[in-house]
Amino acid sequence: MLPTLILGSALAGLLAFLAGIFENEDSDAGSASNPNSQVQLAPQIGHLHRYYNKAIAGEPPQNALWATLAATVAYLLIGQLSILGLNSIQSVLIAAIIGSLLAALIQGLYGFLAHVSRVASMKNFKQILYWDSLVSALPLSMTFVFFSALCLTLLAFVIHSLMGSPFSVPLIAMFLGFTLGAIGSSTGDVHYGAERLYQHYKFGSGIAISKQGDIDVKGEYGYRNSVDTPYFTMRFGGPVTGLTFGLLIFIDAVFRIYGGPWTSVILVFASIIIIFIFLVYLEKYTRDKYGPFEEGS
Amino acid sequence: MSVDTGATSTGETDIKSIRLFAIAIIAGLAGIMLEEKISFVFILVPAIWPAFLSSANGVRSLASYGLGTGTSSIGYWGTAVGATTVYAGMLLGLNPVVEIALALAGGAITGICAQKIIKMKIPVMIRESAILAAATAVIIRFLIGLFPQQVTILFPLMYIAVTLAVLHPYNGSMGAGENQRRTLWLSGVEASMTTAVFGLLLLLMAPSWGSAGVLLVSASGFAVFIIGWYRSVKKDIYGMAWTGFPAAEH
Amino acid sequence: MEPLISMLIIIGGGVLVGVCVHFIPASAVGAMSASTGIATGPSMLSFGAGLAGILSASFALEEGLAVMLASGAGGSALMIILTILGGNLVNAFGTGVPPVSGQTANKLSVLGTSTKDVITGWEQKPYITPGTDGHGMPVQTTVSGIIGGVIGGLGGAMVFYGVYSLFSTFSVEAASLSGMVAAGIFLINCVLPAYTLVGKTEGMFDRKILRTPKTFLSCLIVSTFLALIIYSVSQYSGAV
């Protein structure tokens, strides 16, 4: 029992970390969720752009759909694959890959429909639909969704079989998708929305309401496309999202290894207090280092 | 601005919500009743597409009043009321008509809470909330009936797939030039996508020609709807180009 | 467990879920570092936190109500504080802004017109970017978030336990089914307060906390309706 739990916690932490990174990069490879309001706003104030306006839904339900779809197809497929005589680990891997492929395809379709339909609603602002800006960003976004759905499906299987949750695999996948979407939307998207979209504003300030919509349209060379965004956010926003989701799943799992149920509760609350103390120090550090706001310099 | 005034900027008149809902209920209930009787269920798949259209139109009517919190939240709660009623009712083996009526009541109660207690000041809130809950309940009940035995393993996917299929058409077409014609075509595309996915799952669970039929019917529906949607896009869009630079910056 | 008590637990859980949305600081515009709070919508954030709580609580299903409630509360609060950690890290080192409360800087806090953080006493006004409504999550919003996470996790675990105890008497797959139904009830109770808040809130020190009675009443009505359906399912389900 003990080695299974240790293996389960380690695997769960790793898969959650990777899922976090890929989910954030997917939401940046096509402008999704909250920062998408900036890309939507830009043509209305005259900044015509070549971004991929991927407006599917909020990130939590999106990721829940890709994860649940992949997990359900995988779960049903395992029953068929056992006929081929594979052992359980191989069949789980193959089924998860096929399920994630389907989820990526559906995401590509939804994103394509959303981009074209949104641009078609922008007739008054003279925004043209550039097929190449869509076609270059689409496979990148689909790839990231493939990986993120794969990690979430495998994580759901790990939580169900190695950690012993009573929920069925698709249900766990749906819960994980919602949680991952909520986390990814709050952490990594700030790096995209406040920094990458506004590089021509100096580092060190939030974006005032009056400046919203004034996004970067040109990049390091020529016009910027959505494929230029993951190149930037992978260096910071992605790993922070991965760290957050990975820590959540890992802390939750690892404290269950020893002792009874009350031990894990006490340890979880202890870790909450430790993180809180760290947050207070972080705020003090930024206040002292950055100092009060000064325009210019 | 609301979309209930009846005419869009291009002068076309919108289809009324109640009319769409009536078609959805009649076709959907017919589909649900007949599912148990005939073995070739794939003929009935087009009967559920009007319900998707009606739900998407419900989201559109509500969201166009400007909710301040995102258009998608309406889709979440409408589907949640419809789905929870159906899932709980499945255990009772309830008559479909009773389930739909319960969902209608649930949607209406939620709408009344939103309108009277939270004071959202949206005139059509109660009506559209009830329509949304009832139409999504019809969809989910039909999808459950597609499968030969009770499939609780598929409940999460049904819930979230229908949620997205219902809220995406309006969210994906949002903008100043949005009109009902294109949104409903898009809703048809996504309805056939959703039934195609469930046809695939049916094929995985119970391989047979009948199950493959669901997938094929959905695929042909998809082809029809996407051509209709694309023609609609060509009519509305400012311009298309393979590549190029936008007009010079200020 | 008496079916009537289970039904009351479901209603109580639903109301707690609605109330927790007021405590968790969230705002969609925070993604542009233009507003204080976790940078996503309040309804989806509370839903994600509650689901993390239900997932943690499910491991303790066989151990009784008290452990389930504690696990659920812990899971949700952990998710909220980790999200706050991630958000503050990105705001501090990605955008380069210290956490600051916009409401407090504008003297709109619910406790009075002080411009200092309630818990630490640090001055908020000099550090805010002009034209924004704050950024990041200062200590007072973090404390509010933890409280909100605990309440939400408690509510979610209560709903799950109530539904499970009603369903387990006659269904073998009771755990998954009750998880799904609990998630549905949770979602409805999360979306309703989001309309009271009009998209953003700073937690319990925001003036919008005074709108909690409206949420309380609406969630009470909706949860009662759904709990009645589930109760009648458990009492009259001879047909399965």
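Helices (H or I, at least four residues) and strands (E, at least two) are DSSP runs, numbered from the N terminus. On this basis, the elements of chain B run α-α-α-α-α-α-α-α-β from the N terminus on. The structure is a predicted model, in which local features need pLDDT of at least 70, side-chain atom pairs count only at pLDDT 80 or more, and totals for chains, interfaces and linings use all residues. Residues are numbered from 1 along each chain as its sequence is written, while chains are lettered from A and ligands numbered from 1 in the order in which they are written.

The overall dimensions of chain B were computed next. The C-alpha trace of chain B spans about 60 × 50 × 30 Å along its principal axes. The radius of gyration is taken over C-alpha atoms, and the globule rule is 2.2 Å times the number of residues to the power 0.38. For 250 residues, a compact globule would have a radius of gyration near 18 Å; the 19 Å of chain B agrees with this. A residue is buried if 20 or more other C-beta atoms lie within 10 Å of its own, exposed if 12 or fewer, and partly exposed in between, with C-beta atoms placed from the backbone. Of the 250 residues in chain B, 58% are buried. Two residues are in contact if their C-beta atoms, placed from the backbone, lie within 7 Å. Among contacts in chain B with a separation of 6 or more, 72% join residues 24 or more positions apart.

The C-alpha trace of chain C spans about 65 × 30 × 25 Å along its principal axes. A compact globule of 240 residues would have a radius of gyration near 18 Å, and chain C, with 19 Å, agrees. Buried residues form 74% of the 240 residues in chain C. Residues 24 or more positions apart also supply 74% of the contacts in chain C with a separation of 6 or more.

Chain A was examined by domain. Domain bounds come from an automatic or database domain assignment. For chain A, this gives domain 1 (2-245) and domain 2 (259-297). The C-alpha centres of the two domains lie 27 Å apart.

A nonpolar core is a set of buried Ala, Val, Leu, Ile, Met, Phe, Trp, Tyr and Cys residues joined through C-beta atoms within 7 Å. The largest such core has 268 residues, and A:A70 and A:L155 have the most contacts inside it. Helix 5 (residues 131-162) of chain A gives the most to this core, with 18 residues. Domain 1 (2-245) and domain 2 (259-297) of chain A both give residues to the core, so it lies between them. Leaving aside residues up to four places away in sequence, A:A70 touches A:A96, A:G99, A:S100, A:L102, A:A103, A:A149, A:L150 and A:T153. In soluble globular proteins, nonpolar side chains tend to be buried together.

The contact between chains A and C takes 63 residues from chain A and 66 residues from chain C. On the side of chain A that touches chain C, two or more residues come from each of helix 6 (169-186), helix 7 (188-195), helix 9 (237-254) and helix 10 (261-290) of chain A. Helix 10 of chain A gives the most, with 15 residues. Ala, Val, Leu, Ile, Met, Phe, Trp, Tyr, Cys and Pro count as nonpolar, Asp, Glu, Lys and Arg as charged, and the others, Gly among them, as polar. By these classes, the side of chain A that touches chain C has 36 nonpolar, 21 polar and six charged residues.

C:M32 touches chain A. This residue lies in the loop between strand 1 (26-27) and helix 2 (42-58) of chain C. C:M32 counts as buried because it has 30 C-beta neighbours inside 10 Å. Its contacts, not counting residues up to four places away in sequence, are A:P35, A:Q38, A:G193, A:A194, A:G206, A:I207 and A:Q212. C:M32 and C:T132 are 100 residues apart in sequence, yet 9.6 Å apart in space, C-alpha to C-alpha.

Chain B also meets chain A, through 42 residues from chain B and 45 residues from chain A. Helix 6 of chain B gives the most to the side of chain B that touches chain A, with 10 residues. That side has 25 nonpolar, 13 polar and four charged residues. Two strands pair if DSSP finds at least two bridges between them. Strand 1 (residues 129-130) of chain A and strand 1 of chain B run parallel, joined by two bridges. In this pairing, A:Y130 stands opposite B:A241.
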